[in-house]
Amino acid sequence: MEINTLTYNPPLAAIELRLRALLSAELYASAWVDSSPATLMAVFEHLRTLRYILHDYLPRPVSESPPNPGEVRYKWQTGTLLFTDLAGFTSLLEANAAQGRKGAETLLRVINDYFASMIEIVSKSGGDLLEFTGDALLVQFLAGKHEQDTARAVRAGLRMQRAMAKFANIETARGVLSLRMRVGIHCGRYISADIGTPLRMVHVLLGDSVQQAKQAEGSGTVGRVCLTETASSSLGQQFCFEPGKPGYVLVADDFTDDRLGEYDITLTGRRMPSSVLLDRSVSGLVSEIGEAVKRVEPLASYIPQTILRLLVENADRRKIPPDFPEPTVMFVNLIGLPKLVEKATPTEEANLVLGCSRVFALIEAVVSAKGGVLQKVTAHLDGSDMLIYFGVPDVHTDDPSRAASAAIVIRDLIAGLRPIAIGGQNVKVTCQIGLSLGPVFAAEVGEPRGRREFNILGDTVNTAARLMTEAGENEILIGETVFESIALNFDCEALGAVSLKGKSALTPVFTLHNSKLERGKGSV
């Protein structure tokens, strides 16, 4: 029987492959079957909206000058880093979780009001918000930009703490709750790098200065601004200090409102050049769509594929609905590479950054293959964290097993890495991994029409991070709920109940060793 083939060559056929990840399912189908100017105009408008959304999702150093997807780049920077951490969010989450979608919307309004207030202060103080880390923030104040980077960071921290008065009495179904905050500050040199593959990039900071800023936050006091002694020594007599923990000082907020002020610079906002459409013919629209794709692709490569799909499908509303799912959350801490950049020669620096890029790419591949999301890489007290989760936004009946399998592969991958020569010594990369299962708050957090991101927050996330911290070298620790979900198919060992930071009761902990299924395959 003869097969009849219809020749069909729509105007966007040349870039169809590139459009698949950037158009909603409905708009993609329309663009393929309907080549009218109205449809092409809708494609252009969608890409323009998506570009605005992605611009707001990314830190300024990336959004204003993104590398080509897959292009690894890095540079040394000198400046001051400010870390914040929020206290009281878990109680607020629990108070709203029982109310379902209504509670999620209420919680989102509160947390986004908080983030919007902090982001405005950061912008007015001359800082750049580099990342959200759950309910925490990492802010950069570059040296030489508006001058006195450490002083601007301290004033920003004081303004942020004063702004927290707005969140001291929050009415909930469980009574009046409050949000409070710690702020930590350190100054120094660090590497700013963009690493990954054309499919997935990430912006990271590497160096001991990053860890010291994080440690300043952890060593601080709720309601105060904590500085390392290194940071305070550069400020002269501009501020008064009180003793903190050894190696740290607390800033005394003895400023009048007029003296502290509301800003250090004139607020300019995060502007993005607009796309002006001059030629609305079919050929003109096709040309402009091609240019729009070139502008969107570098930004899109920084977003996990499943999250990008959420953004694409919800671009017309510019909002992802909040929810209370129950994913399996994993934290991976990489120890070795990130902290030793100061000891590296220029050649070793390049190898170190490429090594970080390779490890990230391999872990991203493992997570994606198992159906999970590698959210980001951020600074930890002794390395670089990776937040990974299974069950948001794509839910599978075996998400805990997928997470456990991924954790084992990641552990073995890291354990098998060859040492890297840094500063005359061979540095062995190791990891710590923690897994927890339970309810989280999943939402677009930040400014609703400004700097924001999709993220998960809550006690389950915190527990996974604390299990990771308790883990030994190349060890995987899991919580009781994860154990109960995977015990039939995985070798686990009970370690008893331990005390985790922030928890009043002891927490049962287990070590995850290997998959029984994979072991069985190997013995055949």
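This is a predicted model: local features need pLDDT of at least 70, side-chain atom pairs count only at pLDDT 80 or more; totals for chains, interfaces and linings use all residues.
Residues are numbered from 1 along each chain as its sequence is written, and side-chain values use heavy atoms, with hydrogens and water left out.

Select glutamate 16, which lies in helix H1 (residues 16-19). Helices (H or I, at least four residues) and strands (E, at least two) are DSSP runs, numbered from the N terminus. Leaving aside neighbours within four places in sequence, glutamate 16 is in contact (heavy atoms within 4.5 Å) with Tyr28 and Trp32.

Next, select helix H3 (residues 37-57) and helix H11 (residues 282-300), whose axes come within 9 Å and cross at roughly 20 degrees. Axes are lines fitted to C-alpha atoms, for helices over the stretch in contact, and angles run from 0 to 180 degrees between N-to-C directions. H3 and H11 are therefore roughly parallel (angles under 35 degrees). Residues of H3 that meet H11 include Leu40, Phe44 and Leu47.

Finally, select strand S21 (residues 507-515). Strand S19 (residues 475-479) pairs with S21 in the antiparallel sense over three bridges; two strands pair if DSSP finds at least two bridges between them. Leucine 477 stands opposite threonine 511 in S21. Strand S20 (residues 490-498) also pairs with S21 in the antiparallel sense, over eight bridges, and there proline 508 in S21 is the bridge partner of alanine 497.

Technical notes
Angles under 35 degrees count as roughly parallel, over 145 as roughly antiparallel, 65 to 115 as roughly perpendicular and the rest as oblique.
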